[in-house]
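Please keep the sequence and the 3D view at hand while reading.

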Amino acid sequence: MFATYVTLTIVAALFSGSAAVTYLIGHAYPKAQLDMKRLPRSWGPRLGATLAAGSLGLFAGFAVPVIGTLAAAGLVLYFTGALIAHLRVGSRQLVGWAVFFVTVVATLVVNVAYRW
């Protein structure tokens, strides 16, 4: 169980962290996603900061378990909001979203099962 917990937490933190970097550096892909979802581009850095906080929170959870659990729950909420944004504009391009969502949900479940 420990190996699963560590592996999933690291994978989720790296996924979220890499997405955060793309938002924070102003990469074209997140800008296109914001445009497609009809969201203001000014949200890009805020969304990137949210992802970065979740990623760092997952790593911090190794030292303080409640922070990791809250970070995983926050990322689940973040990606739930992303799904709503996709569906609101009729987008069916959900493969990338599904990979992130399944990863953070699995991380939350394993985190809770292992720690509590």
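## Terms and basis

Helices (H or I, at least four residues) and strands (E, at least two) are DSSP runs, numbered from the N terminus. After α1 comes Gly 26, with a positive phi near 75°.

The model is predicted, so local features need pLDDT of at least 70 and side-chain atom pairs count only at pLDDT 80 or more, while totals for chains, interfaces and linings use all residues. Residues are numbered from 1 along each chain as its sequence is written, and side-chain values use heavy atoms, with hydrogens and water left out.

Buried means under 20% relative accessible area, exposed over 50%, and partly exposed in between (1.4 Å probe, protein chains only). The buried residues of α1 include Tyr 5, Ser 16 and Tyr 23; those of α3 include Gly 44, Leu 51 and Leu 58. Contact means heavy atoms within 4.5 Å. The buried residues of α1 pack against α2 (28-36), α3, α4 and α5, and those of α3 against α1, α2, α4 and α5.

## The nonpolar core

A nonpolar core is a set of buried Ala, Val, Leu, Ile, Met, Phe, Trp, Tyr and Cys residues joined through side-chain atoms within 4.5 Å. The largest one has 20 residues, and among those that touch the most other members are Leu 51, Phe 79 and Val 104. Two or more residues come from each of α1 (2-24), α3 (43-60), α4 (65-88) and α5 (95-115); α4 gives the most, eight.

Leaving aside neighbours within four places in sequence, Phe 79 is in contact with Ser 16, Leu 51, Trp 97, Phe 100, Phe 101 and Val 104.

## Where α1 meets α5

Two packed helices are described by the angle between their axes and the distance between the axes. The axes of α1 and α5 come within 9 Å and cross at roughly 145°. (Axes are lines fitted to C-alpha atoms, for helices over the stretch in contact, and angles run from 0 to 180 degrees between N-to-C directions.)

Thr 107 lies in α5 and counts as buried because its relative accessibility is 2%. Not counting residues up to four places away in sequence, Thr 107 touches Leu 8, Thr 9, Ala 12, Leu 58 and Ala 72.
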